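Hello,

Here is the structure I said I would pass on. My notes on it follow below.

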Amino acid sequence: MAYISQIRAMPVYVVTNQWKLGGAVAMLFSEELLYLARFLRTDLYILPSSIHELIVVPTYMERPEELAGMVKEVNRTQVRPEDRLSDNVYLFCRRHGLITIV
């Protein structure tokens, strides 16, 4: 089960598990992502913040190129090497329930 919490009043969400350890596995829980995408009425970009959590934003918020730059910068400056998951940005398509690399 994934835990989704909103960051302030912006449509930016942190997805993890109740222990906040290894929570990026929530990317495999398409039902929770689909629920969020339907609630927001948009596809979602998934940013692998670390192996412990994901940042999820609606696709209307940012361009994927800008998000990829942010992911790489944060990985290099804020995330321990052993906690890095990926420098990629992923797209969750609510219509098909699929995740692809952007």
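How many helices and how many strands are there in the chain? There are two helices and six strands, counted as DSSP runs numbered from the N terminus, with helices being H or I of at least four residues and strands being E of at least two. Their order from the N terminus is β-β-α-β-β-α-β-β.

Before the details, note that this is a predicted model, in which local features need pLDDT of at least 70 and side-chain atom pairs count only at pLDDT 80 or more, while totals for chains, interfaces and linings use all residues. Residues are numbered from 1 along each chain as its sequence is written, and side-chain values use heavy atoms, with hydrogens and water left out.

Overall form. The chain has a radius of gyration of 13 Å, which agrees with the value near 13 Å for a compact globule of 102 residues; the radius is taken over C-alpha atoms, and the globule rule is 2.2 Å times the number of residues to the power 0.38. The C-alpha trace spans about 35 × 30 × 25 Å along its principal axes. Of the 102 residues, 40% are buried (buried is under 20% relative accessible area, exposed over 50%, partly exposed in between, with a 1.4 Å probe and protein chains only).

Asparagine 75. This residue is in helix 2 (residues 64–77) and is buried, with a relative accessible area of 1%. Its side chain makes a polar contact of 2.6 Å with the side chain of aspartate 87 (a polar contact is a pair of N or O atoms within 3.5 Å; within protein, one must be able to donate a hydrogen and the other to accept it, and residues adjacent in sequence count only if both atoms are side-chain atoms). Beyond its neighbours within four places in sequence, asparagine 75 is in contact (heavy atoms within 4.5 Å) with Pro48, Ser49, Arg84, Ser86 and Asp87.

Histidine 52 and lysine 20. Histidine 52 sits in the loop between strand 3 (44–50) and strand 4 (53–58). Not counting residues up to four places away in sequence, histidine 52 touches several residues, including Lys20, Gly22 and Asp83. Lysine 20 belongs to the loop between strand 2 (13–16) and helix 1 (30–40), and is exposed at 59% relative accessible area.

Positive phi. Lysine 20 has a phi near 60 degrees. Arginine 41, in the loop between helix 1 and strand 3, also has a positive phi, of about 60 degrees, and is exposed at 68%. Most residues other than glycine have a negative phi.

Regards
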